[in-house]
Amino acid sequence: MGQTTSTALITSRRDSNLSSQRSKSKFTVPIIPMQVEEQTEYVLVEAPDYISDLPDECLACIFQSLSSGDRKRCSLVSRRWLRIEGQSRHRLSLNAQSDLLPFVTSLFSRFDAVTKLALKCDRRSVSIGDEALVAISIRCRNLTRLKLRACRELTDAGMAAFAKNCKALKKFSCGSCAFGAKGMNAILDNCASLEDLSVKRLRGITDGATAEPIGPGLAAASLKTICLKELYNGQCFGPLIIGSKNLKTLKLFRCSGDWDKLLQVIADRVTGMVEIHLERLQVSDAGLVAISNCLNLEILHLVKTPECTDIGLVSIAERCRLLRKLHIDGWKAHRIGDDGLMAVAKYCLNLQELVLIGVNPTQISLELLASNCQNLERLALCGSDTVGDVEISCIAAKCVALKKLCIKSCPVSDHGLEALANGCPNLVKVKVKKCRAVTYECAGLLRMKRGSLAVNLDSGEPEHQDASASDGGVQENVGEFHSVPNQMPLPSIAPSSTGRSTSFKSRLGLWSGKSFAACTFRGWSSGNSSSRG
């Protein structure tokens, strides 16, 4: 009952089939009546696609706020997204191996708005040559920044052709390349808007009397920053430095030769510099006396320049009274001490940051610095045999504006650290490393008394490595790494890891023998910048 005609027929057929098979098998199958369900029609209503209504400019703004990986994934959504993502990418970092050449045309047809380009090659691989660089320059005529790393196949001719096509260049950096003075002069002669120049290990520069001078060129009028690193004949850049009348920052790292005479000419012609770094350089007090002509100097780094003494530092302090940041690595030479520091305390009243490594100040100079330099916010004392509990207690009592304090390898004990519990009212961070007389119990008590104070302690003992890491010391340094934005891997062209590994080694200077104070202040500055953003 209740069955339709078709259902009854099917049931009768099943019954007859079952009756004929009963003699063959004892197994019976229950008969379930078939029911006819009412069919319901579903109507699919598509939701409006608001993203398709967005203008290309709005979608490009969204892409620019994404990470490199997210941008790559977005480019796979549709042809429109692929086009907009490519046209809105202004920064690109590529593995500059020789097999990049066949991809140059298609690559820069898609990314036709690139203004910042990094070409990095593994030192064990063959880099791109002149042909690839020229092809890139033809398609990137609006390039404003170029970074070359280990592109040893590039020659002077290739650099000259590139410079003629990319005259809007504002920042140029090269390291471990093989082109020479002619290629560098081509950049300076054609790129009249160049503001920032960084050269490291340029192997094509010849030595001796045959060395071709570099500069000044058209770029001398616009250059604001020059950084030279590990150059065997870096003094051939003398004409460029002397001709850069608007130069603000000069950094010289591990460049051979006597620099006193050249610094005298530079300081006489370029008096507007505000930042000077001298590291592992053959320079004496004569060079520092010459630098004192830069009356607007605000930042000075003297790192491992053993011929510099208190005499040169006194000359700097007396004339460069706008000094805000002073870093001195005395290299345990004991040639800079109380006399030079007391001159700084007397004349440089705007001092905000002081880093002393391998220098032995006493309570006399530290007390004068604390009393006179009321704006001192960051202080690092590393490898100082004379900085003990008395000196730290003096700092705690006198440095009212101090926010960040770093102490490494000094004879400081718990007594000195306890003085910070009631001193330095604006202190927010303390880092102590390799001061074996300071215990973790004292650091814990200091945290309890000043809840807002971050205390990082590493006594240098292997058994306390885990405790040190939990305090945030290791994590802070690791957190300083920044990936190269907008790196684009290709099927056969993987992004270069050379720059990443170099950054990794330099950032972890805390473990690789680099300055603990430098890593500390780098971490603090990066933290401050991120908090502002």
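**Reading burial and packing in a predicted model**

Mentor: Arg149 is partly exposed, because its relative accessible area of 26% falls between the 20% under which a residue counts as buried and the 50% over which it counts as exposed. Please keep in mind throughout that this is a predicted model.

Trainee: In which element does Arg149 lie, and which residues does Arg149 touch beyond those up to four places away in sequence?

Mentor: Arg149 belongs to strand E3, which covers residues 145-149. Leaving out residues up to four places away in sequence, Arg149 touches Leu119, Lys120, Cys121, Ser173, Cys174 and Gly175. As for distance, Ala118 is 31 residues from Arg149 in sequence, yet the two C-alpha atoms are 8.0 Å apart in space.

Trainee: Turning to the whole protein, what share of the contacts with a separation of 6 or more comes from residues 24 or more positions apart?

Mentor: Such pairs account for 74% of those contacts. The protein has 22 helices and 15 strands, and 47% of its 533 residues count as buried. Its accessible surface comes to about 26,100 Å², with 53% of that belonging to carbon and sulfur atoms.

Trainee: How should I read the sides of a helix, and which residues of H17 are buried?

Mentor: One looks down the axis and asks where the buried residues point. In helix H17, residues 440-449, the buried ones are Tyr440, Cys442, Ala443 and Leu446. Viewed down the axis of H17, these buried residues fall within an arc of 160 degrees, so they line one face of the helix. The face turned away from that buried side carries the exposed residues Glu441, Met448 and Lys449.

Trainee: And for a pair of helices, at what angle do H12 and H13 pack?

Mentor: Helix H12 (residues 310-319) and helix H13 (residues 338-347) pack at an angle of about 5 degrees, and their axes are 8 Å apart. H12 and H13 are therefore roughly parallel to each other, since angles under 35 degrees count as such.

Trainee: Which residues of H12 and H13 meet?

Mentor: From H12 come Asp310, Leu313, Val314, Ala317 and Glu318, which meet Asp339, Gly340, Leu341, Ala343, Val344 and Tyr347 of H13. The residues of this contact divide into 7 nonpolar, 1 polar and 3 charged.

Trainee: What do the buried residues of H12 pack against?

Mentor: The buried residues of H12 are Asp310, Gly312, Leu313, Ser315, Ile316 and Ala317. They pack against H13, and also against helix H11 (285-291), strand E9 (299-303) and strand E10 (325-329).

Note on methods: Residues are numbered from 1 along each chain as its sequence is written. This is a predicted model: local features need pLDDT of at least 70, side-chain atom pairs count only at pLDDT 80 or more; totals for chains, interfaces and linings use all residues. Side-chain values use heavy atoms; hydrogens and water are left out. Buried means under 20% relative accessible area, exposed over 50%, partly exposed in between (1.4 Å probe, protein chains only). Helices (H or I, at least four residues) and strands (E, at least two) are DSSP runs, numbered from the N terminus. The arc is that of the directions from the helix axis to the C-beta atoms. Axes are lines fitted to C-alpha atoms, for helices over the stretch in contact, and angles run from 0 to 180 degrees between N-to-C directions. Angles under 35 degrees count as roughly parallel, over 145 as roughly antiparallel, 65 to 115 as roughly perpendicular and the rest as oblique. Contact means heavy atoms within 4.5 Å. Ala, Val, Leu, Ile, Met, Phe, Trp, Tyr, Cys and Pro count as nonpolar, Asp, Glu, Lys and Arg as charged, and the others, Gly among them, as polar. Accessible areas come from the Shrake-Rupley method with a 1.4 Å probe; for residues, only the protein chains shown count as cover.
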